[in-house]
Amino acid sequence: MNQSISLDKPQSVPDDSELVLAAQQNPSAFQPIYQKWLKPIYRYFYFRVENEKDAEDLTSQVFLKVYEDLPRYRSKGSFSAWIFTIAHARMVDFFRKATREQKLEKADYTANSSDLLTMVVHSNEIDELLALLHKMTEEEQELIRLRFFGELSYREIGEILNRKEDAVRKSVTRLLDQMQVEMERDNGKPF
């Protein structure tokens, strides 16, 4: 098999403003936005609603709303904050309609290693981490979901939650420090 290595510069990924402008000018150019934001939006929902079906439904609702509202979108902040504000609103609607509060649930994590011991250790660490997340308030869980499952910056989270970037950073850092202390106490070793 003959493979050649390209010495050309890698093509840069267009930023959100370029993607939005292209989709506003031609709705058939919406796909790159969808591809870029599908996983973060889905993960954000999945780690909140506990099941694939609801996460998929909510994700679809978000992208339908984004597609419908994109012609009226005006860049007053970051696109990521705008799309996650829509996702957050869908989440609120979902739980408003629900009869019971659902908890964070363990996702189907798989280790990259075929080593069974590594997979078991990894699974136990995930169980411990999720147990710590369950102890948090809903507001604290939302910060963790937006930062790590939604992969948003502190500034973007601040825009969504109407908080200052520095306050978000401090809150997330404090939560991570608390989680580390809990993990160290439970395991008798640094996390």
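Below is a chat about a predicted model of one protein chain.

User: Before we start, what needs pLDDT of at least 70 here, and what needs 80 or more?

Analyst: In this predicted model, local features need pLDDT of at least 70 and side-chain atom pairs count only at pLDDT 80 or more, whereas totals for chains, interfaces and linings use all residues. Residues are numbered from 1 along each chain as its sequence is written, and side-chain values use heavy atoms, with hydrogens and water left out.

User: How many helices and strands in the chain?

Analyst: The protein chain has eight helices and zero strands, the elements running α-α-α-α-α-α-α-α from the N terminus on; helices (H or I, at least four residues) and strands (E, at least two) are taken as DSSP runs, numbered from the N terminus.

User: What share of the residues is buried?

Analyst: Of the 191 residues in the protein chain, 35% are buried, where buried means under 20% relative accessible area, exposed means over 50% and partly exposed lies in between, with a 1.4 Å probe and protein chains only. The accessible surface of the chain comes to about 12,500 Å², and 52% of that surface belongs to carbon and sulfur atoms; the areas come from the Shrake-Rupley method with a 1.4 Å probe, and for residues only the protein chains shown count as cover.

User: Which residues have the most contacts inside the largest nonpolar core?

Analyst: Ile33, Trp37, Ile41, Phe45, Phe79, Ile83 and Phe84 have the most contacts inside that core, which has 45 residues. At least two residues of this core come from each of helix H1 (16–25), helix H2 (31–49), H3, helix H4 (79–97), helix H5 (116–135), helix H6 (138–149), helix H7 (154–161) and helix H8 (165–187), and the largest share, nine residues, comes from H4. A nonpolar core is a set of buried Ala, Val, Leu, Ile, Met, Phe, Trp, Tyr and Cys residues joined through side-chain atoms within 4.5 Å. In soluble globular proteins, nonpolar side chains tend to be buried together.

User: Take Phe79, then: what is it in contact with beyond its neighbours within four places in sequence?

Analyst: Leaving those neighbours aside, Phe79 is in contact with Asp16, Val20, Ile33, Trp37, Val66, Leu70 and Tyr73, contact meaning heavy atoms within 4.5 Å.

User: And Ser80, buried or exposed?

Analyst: Ser80, which lies in helix H4, has a relative accessible area of 0% and is therefore buried. Not counting residues up to four places away in sequence, Ser80 touches Asp16, Trp37, Leu152, Glu156 and Ile160.

User: Switching to charges, how many salt bridges are there?

Analyst: The count comes to 15 salt bridges, a salt bridge being a side-chain nitrogen of Lys or Arg within 4 Å of a carboxyl oxygen of Asp or Glu. One of them joins Glu151 and Arg43, whose closest N and O atoms are 2.4 Å apart; Glu151 lies in the loop between H6 and H7 and Arg43 in helix H2, so this pair ties together parts that are 108 residues apart in sequence.

User: What about the phi of Glu151?

Analyst: Glu151 has a positive phi of about 60° although it is not a glycine. Asn162, in the loop between H7 and H8, also has a positive phi, near 55°, and is a residue other than glycine; its relative accessible area is 71%, so Asn162 is exposed.

User: Where does the pair Lys53 and Asp57 lie?

Analyst: Lys53 and Asp57 both lie in helix H3, four residues apart, about one turn of the helix, and their side chains meet in a salt bridge of 3.1 Å, N to O. Lys53 counts as exposed at 55% relative accessibility, whereas Asp57 counts as partly exposed at 34%.

User: Last one, Asp69: what does its side chain join?

Analyst: A polar contact of 2.6 Å joins the side chains of Asp69 and Arg72; a polar contact is a pair of N or O atoms within 3.5 Å, where within protein one must be able to donate a hydrogen and the other to accept it, and residues adjacent in sequence count only if both atoms are side-chain atoms. Asp69 is found in helix H3 (residues 52–69) and counts as buried at 14% relative accessibility.
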